[in-house]
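Here's a quick briefing to read alongside the model. Have the sequence and the 3D view open as you go.

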Amino acid sequence: MLRVAPYLVAAILTGPVLAGSLGALIPSFGFLPVLGQDEFGLDAWRALLDWPGIGSSVLLSFVSGIVTAGISLLLALLFLAVFFETQAFIWLRQAIAPMLAVPHAAAAFALAFLIAPSGFLARLLSPWATGWQRPPDLLIVQDELGLSLMAGLVMKEVPFLLLMALAPLAQIHAGDRMRLARSFGYGRVSAWFKTIVPALYPLLRLPVYAVIAYSSANIDVALILGPVSPPPLAVQILRWSNDPDLDFRMIASAGAILQFAVTAGAIALWILAERCIGWLARGWLVSGKRRTGDAGLATLGRGLFPALILASVLGIAALALNAFARVWRFPDALPGRWTLGHWQSVAETAGGPVVATLWIALLTTLLSLVLVVCVLENERQRDARSGRVLEFLIYVPLLVPQIGFIFGLVLLAELAGAPPGGGLVAAGHVIFVLPYVYLSLSEAYRRQDPAWMKIARTLGQSAAGAFWRVRLPMLLTPLLTAFAVGAAISIGQYLVTRLLGAGRVETVTTEAIALAAGGDRRLIGAWALTQAILPVAGFALALAAPRLIWRNRRGMLGGTR
C-alpha cells in the first residue's frame, strides 16, 4: 500500500484534470453526440467571440489574477519582513491556519457587509465623520472595475501565501541570514528583501501561480463581490452551463477553453515580470545600501497587518449583527431591535445542507489524510523525499481553472451515465482537499525527529507498532490541524458541488451563495455565519483535543524538531 500510494495520489490529482480538460475541449469544436452534435466545427467559438461583453469579461479575469497575486505576495512578504522572529510572528504561526479556514464565500459576504454604502464601516463613521444621514449613492460592492472582488480575494490569499512561506523558512536558514545581515548594519526590511526573498521566492512560485489561477477563474467570490454585467469569464461560463437551452453547453465548452488561455496568459505575464524584476533588482541587491525605505515600509507593514486583521474581524461582526438584527436603521451603529427569527428560519431548512456538508467533508478529508500519511511514511521508510514530479503534481488541481475541467467532467459523467449526487460530489472534493492536506502536514511529518522511532525499535516495538504507538500519537496536533484544513476546504467548495451535484446536493456554501441574489441581508448573515462557524469549530477542536488527550503527558505535544 505504501509503495502504491504516490502513484495513486498522482492519478487522483492528474486523471480528472486531464479527462475533464479533454471533456471540455472536444465539445468546444462542435462534437457532442449526446446532444446530436456529431460534426466538428467552429460555431461555438464564433458564438463565444460574438457574445456581448466577452472582451470585458476576459480582461476582468486576467487583471484580477495578476493584481490579486501581486498585492497578496507583496503584503505577505512585507508582513514577514516586519514581524519575523517577534512575538507577533509566533502568534501569526498559530493563527494562520484558522484564518485560512474561513471559507471564501463567508469572507466575501463579510467584506460586502463591511464596505457597502449602508455597511458596518459607514455606520461606524456616520454621521460624526462623514455627515451621512442616508447611505451614499456609491457602487462599492460589485463595482465595474472589480476592485471589491480583488479586495475580497486578497483577504483570503494573503493567509494562504503566508502559510506557504512559513514552511521553507527553516529550509533556507532564514534566521541565520537575517542575523548576519543585521550584524552588517542592514535594516530589518532591507535585510529581509536582500537576503531571504531571493532564496524564498523560488519556493513560493507554485503557490503564487495557484493564486493567479484561482483569482482569474474564481466563481464564489465573484458571484458576491464581482460586477454583474459583464461578469468575470468564469461566472459567465457557469451561466451558460446552467442555461436550460442545451446548445449553450457548446459555448460553455469553448468558454472553458478560453478560461484556460486567460489563466495561462496571466501566469505567462507573471513569469515575464519575474525575469524583468529580477534583472532590475540585481543592482540594488549588491549596492550595499542598508536601509532603503526601511522606516516607511516597516511603518506600512505594521499598519496594514492590523488593518487586515481588523477588517476581517469587523466583517465577521457585521455578519453576526445582521444575523440577529430585526430593525437596523442607517446610520445607527447597532441594530435598534434584535431577533432570533432569522436563525429559526435557518434551523428549519439547514438540517439537510449541514448533514451533507459534514459527511462530504469528513469522508473526503479522512480519505485524503490516509493517502497523504501513506505517501509521507513511504518517503520516510525509503529515506528519500518524494520526487519533484509528485511535488509539482500536488499543485496541478490548483493551477488549472476549476471551471475548465470540472465542466468537462460533468459532460463525461453524463456520457458515462453516472448520476449526479453526493458520491460524485465527494469524489470531486478529494481533488481539491488532498493538496491542502499534503501542504499542511508534510513539513511537520518530515521534521519529526527520527530518533523517536529508533528508540521505539530498540525497546522492542515492531515497525508497525512504532508507527501506531509513537509516530502518529506524537503527530496528533499536525494531523488534526491538517484534517481541519482539509475539512475547511471541502466545506468551502461551491463550483464542484454545484456542477457535479447538478443542484441536487445542497450544502451550507451553495445555500449561502444562492441567497446572494436575493438581497435578504438578515438571512444571508445567518447562513454565512453558519458556513464560517463549521470550519472554525473544526480548528478549535483540532487545537484543543491534543491538549486534552495529552494533558498529563505534555512531552507528546512536541514531537517535531
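A residue counts as buried when its relative accessible area is under 20%, and as exposed when it is over 50%, with partly exposed in between. By that cut-off Pro-231, at 3% relative accessibility, is buried. Keep in mind that this is a predicted model.

**Overall build**

- The protein chain carries 26 helices and four strands. Its radius of gyration is 24 Å, close to the 24 Å that the globule rule gives for 561 residues, so the chain is as compact as a globular protein of that length.
- Along the principal axes, the C-alpha atoms fill a box of roughly 70 × 65 × 55 Å.
- Of the 561 residues, 53% count as buried.
- Take the contacts between residues at least 6 apart in sequence: 81% of them join residues at least 24 apart.

**Surface and charge**

**Salt bridges**

- How many salt bridges does the structure hold? The count is six.
- One of them pairs Arg-46 with Asp-43, at 2.9 Å from N to O. Both residues belong to helix H2 (residues 43-50) and are three residues apart, about one turn of the helix. Asp-43 has a relative accessible area of 59%, so it is exposed, being over the 50% cut-off.
- Glu-377 bridges to Arg-471, with the closest N and O atoms 3.0 Å apart. This pair ties together distant parts of the chain, 94 residues apart: Glu-377 is in helix H16 (residues 351-381) and Arg-471 in helix H22 (residues 463-474). Both Glu-377 and Arg-471 are buried.
- Glu-379 meets Arg-446 in a salt bridge at 2.7 Å, N to O. Here too distant parts of the chain are linked, with Glu-379 in helix H16 and Arg-446 in helix H20 (residues 422-447), 67 residues apart. Are these two partners buried or exposed? Glu-379 has 8% relative accessibility and so counts as buried, and Arg-446, at 15%, counts as buried too.
- Glu-85, Asp-176 and Arg-179 are joined up in a network of salt bridges.

**Pro-231, in a loop**

- Where does Pro-231 sit? You'll find Pro-231 in the loop between helix H11 (220-225) and helix H12 (233-242).
- Setting aside neighbours within four places in sequence, Pro-231 is in contact with Ser-57, Leu-60, Gln-236 and Arg-239.
- Pro-231 and Ser-61 are 170 residues apart along the chain, yet their C-alpha atoms are separated by 8.9 Å.

**Arg-337, in a strand**

- Arg-337 lies in strand E4 (residues 337-338). At 47% relative accessibility, Arg-337 counts as partly exposed.
- Which residues does Arg-337 touch, not counting those up to four places away in sequence? They are Phe-324, Ala-325, Arg-326 and Val-327.
- From Arg-337 to Gly-185 the C-alpha to C-alpha distance is 59 Å, and the two are 152 residues apart in sequence.

Terms used
Residues are numbered from 1 along each chain as its sequence is written. This is a predicted model: local features need pLDDT of at least 70, side-chain atom pairs count only at pLDDT 80 or more; totals for chains, interfaces and linings use all residues. Side-chain values use heavy atoms; hydrogens and water are left out. Helices (H or I, at least four residues) and strands (E, at least two) are DSSP runs, numbered from the N terminus. The radius of gyration is taken over C-alpha atoms; the globule rule is 2.2 Å times the number of residues to the power 0.38. Buried means under 20% relative accessible area, exposed over 50%, partly exposed in between (1.4 Å probe, protein chains only). Contact means heavy atoms within 4.5 Å. A salt bridge is a side-chain nitrogen of Lys or Arg within 4 Å of a carboxyl oxygen of Asp or Glu.
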